[in-house]
Amino acid sequence: MIRSGRFHLLLESGGRPVQHGWWHREEVARDEFRRWVGEYGSMPGARLTLTDEETAQLAATWLDQP
């Protein structure tokens with residue numbers, strides 16, 4: 001996987017990666033995080049994580065809660 005930004009957004013379903021995204025700016029990554037929650041949040045077993053790869057800190061997370 002080629003890293004092209006500091007902020008990594010990962011969509012998983014059933015513990016498996018489904019989609020990745022990378023952004024340089026945190027505000028853009030957070031906007032995408034919210035968009036992905038709206039678009040993919042109803043996927044069974046969906047889990048979204050936004051990680052600052054420079055600091056290894058979890059910036060945001062969302063889990064599908066049945």
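**View 1. Strands E1 and E3 pair in the antiparallel sense.** Seven bridges join strand E1, residues 7-13, to E3 in this antiparallel arrangement. The model shown here and in the other views is predicted. Serine 13 has its bridge partner in E3: alanine 46.

**View 2. E1 also pairs with E2.** The two strands run antiparallel and are joined by seven bridges. Leucine 10 faces its counterpart in E2, histidine 20, which stands opposite.

**View 3. The E3-E4 hairpin.** Strand E3 covers residues 46-52, and strand E4 covers residues 57-63. Six bridges hold the record of their antiparallel pairing. Aspartate 52 stands opposite glutamine 57 in E4. Four residues lie between the two strands.

**View 4. The open sheet of four strands.** The strand order is E2-E1-E3-E4, and the pairing is antiparallel. Strand E2, residues 16-23, and E4 are the edge strands. Each of these two pairs on one side only. From one strand to the next, the twist averages 15°. Strands of a sheet pair through backbone hydrogen bonds, either parallel or antiparallel.

**View 5. Strand E3 and its burial.** E3 is mostly covered. Of its seven residues, six are buried. In the strand order, E3 stands between E1 and E4.

How values were computed. Residues numbered from 1 in each chain as written. Predicted model: local features only at pLDDT ≥ 70, side-chain atom pairs only at ≥ 80, totals over all residues. Heavy atoms only, no water. Pairing = 2+ DSSP bridges. Buried < 20%, exposed > 50% of the residue type's maximum accessible area, 1.4 Å probe, protein only. Axes fitted to C-alpha atoms, helices over the stretch in contact; angles between N-to-C directions.
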